[in-house]
Amino acid sequence: MSMTPTPPLLSVRDLTVAFRVRGEDAPVVRDLSFDLHEGETLGIVGESGCGKSMTALALMGLVPNPPGRIASGSIRLGDEELVAAAEARLRRVRGARISMVFQEPMTSLNPVFTVGEQIAETARAHLGLSAREARDRAVEMLRLVGIPAPERRVGDYPHQLSGGMRQRVMIAIALVCEPQVLIADEPTTALDVTVQAQIFDLFRELQDRMNTAVILITHDIGVVAEMTDRVMVMYAGRKVEEGPAADFVAAPRHPYARGLVNCVPRLVADPPDVPEPLFEIPGLVPGAEALARPGCAFAPRCPRAMPVCGREFPPVTASPGGRSVACWLDAEGAR
Amino acid sequence: MTVPAPSPPSASAAVPAEAPLLDVRGLEVRFPVRGGVVHAVGGVDFAIPRGQAFGLVGESGSGKTTAALACARLAEAAAGEIRLGGEDVTHISGRELRAMRRRVQIVFQDPYASLNPRERAGAIVRRPLDLMDVGPKSGRQARVEALFALVGLRPEQQALFPHQFSGGQRQRIGIARALASGPELIVCDEPVSALDVAIQAQILNLLARLKRDLGLTYLFISHDLAVVQHLCDEIAVMYLGRIVERAPKRALFARPLHPYTRALIEAAPSADRAVGRAGAPRRRAAAIQGDPPSPLDPPPGCAFAGRCPHAVDRCRTEVPALRDMGGGQAVACLRADGAGGFV
């Protein structure tokens with residue numbers, strides 16, 4: 001894929017999100033830079049605690065404060081800088097130009113309002129529609145996300161819907177204002193695989209229709225391969241690898257990324273009778289207190305760690321085809 | 001690294017070696033609900049030979065966990081028969097049931113909810129030894145230590161509380177606890193689905209090693225086909241309380257016969273398929289549409305008919321029986337011809 005010549009829709013530069021942990025600032029997201037183009041799907045992968053969800057919350061202007069805050073950096077959406085923006089301004093952006101689908105549809109929907117009211121609320125707040133128009137818009141959105149008999153379903157409460165239906169409602173709320181950027185944080189983990197496949201179809205369809213840029217946060221390498229154009233791997237708050245999804249899945253470079261891709265059992269047509277042991281990444285992700293330490297945070301778990309890895313975070317090595325990796329093995333040409 | 005397992009009760013010694021360790025026939029489990037009854041498990045049959053891992057896969061609400069709980073006598077069978085080592089354990093109680101508990105243990109899905117937060121890890125693993133009076137008291141501390149080593153925990157970690165462990169380590173404690181009484185059958189109820197991917201590999205490798213080294217038999221519940229394919233020897237696919245297909249691992253993936261099995265395989269995201277819009281074309285649309293029907297209001301006929309691309313009128317009235325297709329493969333579909341086609 002040749003890089004689009006147009007400027008990126010969303011541009012993040014040197015973003016650092018810090019949390020106050022026992023009187024110290026822990027950088028849960030650190031020096032993060034990336035771009036997102038119109039119509040593109042960017043995957044963010046990593047284990048829990050790697051900063052994926054916090055990156056999403058920072059883009060939404062929803063970092064819980066206190067104890068967290070955006071300590072430095074820039075988030076530009078089109079011509080607008082979001083990091084310094086006033087809350088009133090952010091409220092106009094959030095839900096309208098950037099919106100988010102959360103992991104758990106049951107806890108993210110309000111149980112005491114009908115799904116129609118919850119879709120209409122967003123439409124009225126941002127688009128200035130009348131109650132009547134907003135309701136019509138809610139029906140239209142439910143139809144768009146593939147809910148049968150939307151005129152009837154619009155009056156249902158969340159508990160009356162299946163998990164897949166609820167997630168469709170969440171997507172309808174997120175898309176009602178036709179945002180330029182849609183962030184989906186593990187949008188299908190609570191769903192069955194046959195329903196997951198339908199939700200992903202819906203994402204693609206909507207993306208084709210509206211040219212929405214999507215950030216898909218996931219831990220599933222299969223989902224990365226099937227859904228994303230580009231991938232960013234995060235570890236301990238930093239980007240450690242980035243590149244086209246196909247190249248990444250076929251040949252991850254960073255030792256952590258290699259571990260992530262190789263540790264999952266793959267569904268094959270001809271499985272062996274006795275399983276080969278799966279690749280293991282030893283140890284655990286570091287806790288918040290370890291984030292401010294110098295060096296590469298993966299070094300204690302890394303099979304190829306060198307003395308330099310414990311002293312200094314590696315510089316980013318870029319290679320042709322839009323790939324980059326932050327690892328001393330590449331920086332020193334030690335591969 | 002061996003743990004001296006208490007010798008199994010004499011009842012199992014009397015049966016021939018080739019009898020399956022667990023034999024389930026016509027198992028039904030029902031739950032009363034307001035205004036009716038949910039048939040959570042609507043008549044399932046399967047058998048697990050000693051030393052094998054049997055996988056039950058299906059989506060939420062398919063009855064896989066309930067069926068497994070019934071096998072462990074933690075849910076009551078409304079009909080059918082459960083035999084453990086040839087012995088009918090469907091309705092045993094009192095001393096007999098307590099003796100069975102030593103032979104069948106469970107590893108739960110959520111290692112956060114299944115450990116007592118106020119007990120130290122060592123005490124958690126020791127508890128079944130005391131409750132079931134396993135071995136002489138004087139040897140129990142040594143056995144706890146051996147169990148910790150067996151699952152890859154350090155001896156000094158016995159003194160810690162569950163919140164001081166990571167999710168993967170907690171699952172190791174849960175596995176050590178399940179192994180304490182020297183069971184023959186372990187029911188693994190989604191043992192890795194609450195864990196991060198990197199940790200899943202550690203636990204799956206541990207379970208595979210324990211099966212090999214201790215000769216354990218697993219009834220393994222999962223919604224993840226790749227995990228089941230990795231660990232299990234034979235697999236049954238459940239849909240709305242029934243087994244729709246059952247086969248040895250290789251046969252199931254080489255030649256899935258039921259339309260639902262095929263849909264599950266198709267729908268599983270795969271790292272090996274084509275990538276992105278810029279490279280090869282993206283994967284085709286979802287294989288099947290709609291949601292599974294509610295177990296509160298099951299449709300007549302085949303439960304899958306409403307989502308099945310091959311369904312005909314007969315499928316909506318007639319409940320298909322599980323038919324033997326040879327090679328250990330059985331399918332509950334009126335139209336499957338046994339060669340991968342539909343009549």
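Reader: What makes strand S1 and strand S2 of chain B a pair, and how do they run?

Author: This is a predicted model, in which local features need pLDDT of at least 70, side-chain atom pairs count only at pLDDT 80 or more, and totals for chains, interfaces and linings use all residues. Residues are numbered from 1 along each chain as its sequence is written, while chains are lettered from A and ligands numbered from 1 in the order in which they are written. Strands (E, at least two residues) and helices (H or I, at least four) are DSSP runs, numbered from the N terminus. Two strands pair if DSSP finds at least two bridges between them; S1 (residues 22-33) and S2 (residues 36-48) of chain B are joined by ten bridges and run antiparallel, so they are called a pair by that definition.

Reader: How do you know that chain A touches chain B, and which helix of chain A gives the most?

Author: Residues are in contact if their C-beta atoms, placed from the backbone, lie within 7 Å, and by this rule 44 residues of chain A are in contact with 45 residues of chain B. On the side of chain A that touches chain B, H8(A) gives the most, with eight residues. The residues of that side divide into 24 nonpolar, ten polar and ten charged, where Ala, Val, Leu, Ile, Met, Phe, Trp, Tyr, Cys and Pro count as nonpolar, Asp, Glu, Lys and Arg as charged, and the others, Gly among them, as polar. For the complex, the predictor gives an ipTM of 0.83 and a pTM of 0.87.

Reader: Into which domains is chain A divided, and how far apart do their C-alpha centres lie?

Author: Chain A is divided into domain 1 (8-96 + 181-251) and domain 2 (98-176), with bounds that come from an automatic or database domain assignment. Their C-alpha centres lie 23 Å apart, and 23 residues of domain 1 are in contact with 18 residues of domain 2.

Reader: Where does pLDDT stay under 50 in chain B?

Author: The predictor's confidence in each residue, from 0 to 100, is its pLDDT, and chain B averages 89. However, pLDDT stays under 50 over residues 7-16 of chain B and over residues 274-281 of chain B. Where pLDDT is low, the predicted coordinates should not be read in detail.

Technical notes
Contact = placed C-beta atoms within 7 Å.
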